Amino acid sequence: MTSTANDAPQSIVSVKGGYRYADLVDQCEHLLLKYDFLNKEVIGTSVLGKPIIALILGTGHEQVHLNAAVHANEWITTPLLLRFIEELAQDISLDGNVNKEWEAKYWLEKVTICAVPMVNPDGVDLSQDGISTDCPFANELEKWNGGDHDFSRWKANIRGVDLNDQFPACWEEEVARRATSGPASQDYGGVEPLCEPEAICLAELTRARSFDRVMSLHTQGRELYWNYRDMEPSGAEEMAARIAAAGEYQAIKLSGSDAGYKDWFISEFRRPGFTLEAGEGVNPLPPEQFEGIYKEVAPILAQFIRG
């Protein structure tokens, strides 16, 4: 019997009371065992030595990249991205019967996807579980968090550096704008651009693969940012409008922001780069919103892959 969208395999990717690095590792291993055409690379390690995982899917010449959980308390973006990769793999393995609108089997002959579902694993765990007993930064972290034991609003990596303020795209201007002089829960850009291992490995991956377009998943606002200081290529605005409309999001021309991954990619490569702000509410978005957000985000990601 041929599988259809109504009897597609049950998802391996699930969110139950949050989502930690251990969940990512476990679910990736299950996916890699199930789909032999899905590949994994370790692109570097976090400050605390956690391997940063990239998943590779597709065989096409065109190289596209997605990343998630750059900000710690936006951890819900990791299972959003991983679920999308899983459903693409299901679609290929079942000959396009999971989601006929995607036709993933055909566009993944033209495109190779390189996805990094969790850029900031140390921060993701910290934001949900607090300071671990063996953390080498235990004494400093509470101070950097303003004396608060609750780390649920923490966005930075384990050294208090905001990874989306780490990239060499008018970094000095962003540091001046943020006016955060030392490690903190957010907005501290570090001592220099690309001083943190998580940002370094993302930049090295991007340069090595020379992506044709990129998207970084964040929360929240139901918006898609597509520009950077008029350096974006011709057609970027039209592409953004098409991508955002797939999930009934708004494509926004953003100003007054520098040093983000999307900003750096546009400035260095002059190719399309996007930041997706998924869902609505106050970060961290609750696990109960996951399925609803995924229904919005999946068609956006599919349209991004198609270009």
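**The sheet and its terms**

Modeller: An open sheet of 8 strands runs in the order β1-β2-β4-β3-β5-β8-β6-β7, and its pairing is mixed. The model is predicted, so local features need pLDDT of at least 70 and side-chain atom pairs count only at pLDDT 80 or more, while totals for chains, interfaces and linings use all residues. Residues are numbered from 1 along each chain as its sequence is written, and side-chain values use heavy atoms, without hydrogens and water.

Biologist: What makes β1 and β7 edge strands?

Modeller: β1 (39-45) and β7 (250-252) each pair on one side only. Strands (E, at least two residues) and helices (H or I, at least four) are DSSP runs numbered from the N terminus, and two strands pair if DSSP finds at least two bridges between them.

Biologist: Why do β1 and β2 count as paired?

Modeller: They are joined by 6 bridges and run antiparallel, with Val42 standing opposite Ile53 in β2. The number of bridges meets the requirement of at least two, and therefore the strands pair. Their hairpin has 5 residues between the strands, where Gly49 takes a positive phi near 90°. On the way to β4 (residues 111-116), β2 (residues 51-58) has 4 bridges, again antiparallel; Leu57 has Ile113 as its bridge partner in β4, and Ile56 stands opposite Cys114.

Biologist: What makes β8 a paired strand?

Modeller: β8 is joined to β5 by 6 parallel bridges and to β6 by 3 antiparallel bridges. Val214 stands opposite Gly273 in β8, and Tyr225 has Thr275 as its bridge partner there. Each number reaches at least two, so β8 pairs with β5 and with β6.

**Burial and the cores**

Biologist: Why is Asn227 called buried?

Modeller: Its relative accessibility is 3%. Buried means under 20% relative accessible area, exposed over 50%, and partly exposed in between (1.4 Å probe, protein chains only); therefore Asn227, at 3%, counts as buried. Asn227 lies in the loop between β6 (223-225) and α8. A polar atom of its side chain is 2.7 Å from the backbone nitrogen of Leu254.

Biologist: Why is β8 described as mostly covered?

Modeller: In β8, 6 of its 6 residues are buried. Gly273, Thr275 and Glu277 point one way, and Phe274, Leu276 and Ala278 the other way. In a regular strand, side chains alternate between the two faces of the sheet. β2 is also mostly covered, with 6 of its 8 residues buried.

Biologist: What makes a set of residues a nonpolar core?

Modeller: The members are buried Ala, Val, Leu, Ile, Met, Phe, Trp, Tyr and Cys residues joined through side-chain atoms within 4.5 Å. In the largest core, of 58 residues, those touching the most other members are Leu66, Ile85, Ile113, Met215, Phe274, Leu276 and Ile305. The largest share of this core, 10 residues, comes from α10. A separate second core of 25 residues includes Ile52, Leu163, Cys201 and Phe269.

Biologist: Which residues is Ile113 in contact with, leaving aside neighbours within four places in sequence?

Modeller: Contact means heavy atoms within 4.5 Å. Among the partners of Ile113 are Leu55, Val64, Leu88 and Ile305.

Biologist: Which strands does α10 touch?

Modeller: α10 packs on the sheet, touching β3 (62-68), β4, β5 (213-219) and β8 (273-278), and its direction makes about 165° with that of β5. The axes of α8 (residues 236-245) and α10 (residues 290-306) come within 7 Å and cross at roughly 145°. Arg242, Ile243 and Ala244 of α8 meet Ile300, Gln303 and Phe304 of α10. Axes are lines fitted to C-alpha atoms, for helices over the stretch in contact, and angles run from 0 to 180 degrees between N-to-C directions.

Notes. A polar contact is a pair of N or O atoms within 3.5 Å; within protein, one must be able to donate a hydrogen and the other to accept it, and residues adjacent in sequence count only if both atoms are side-chain atoms.
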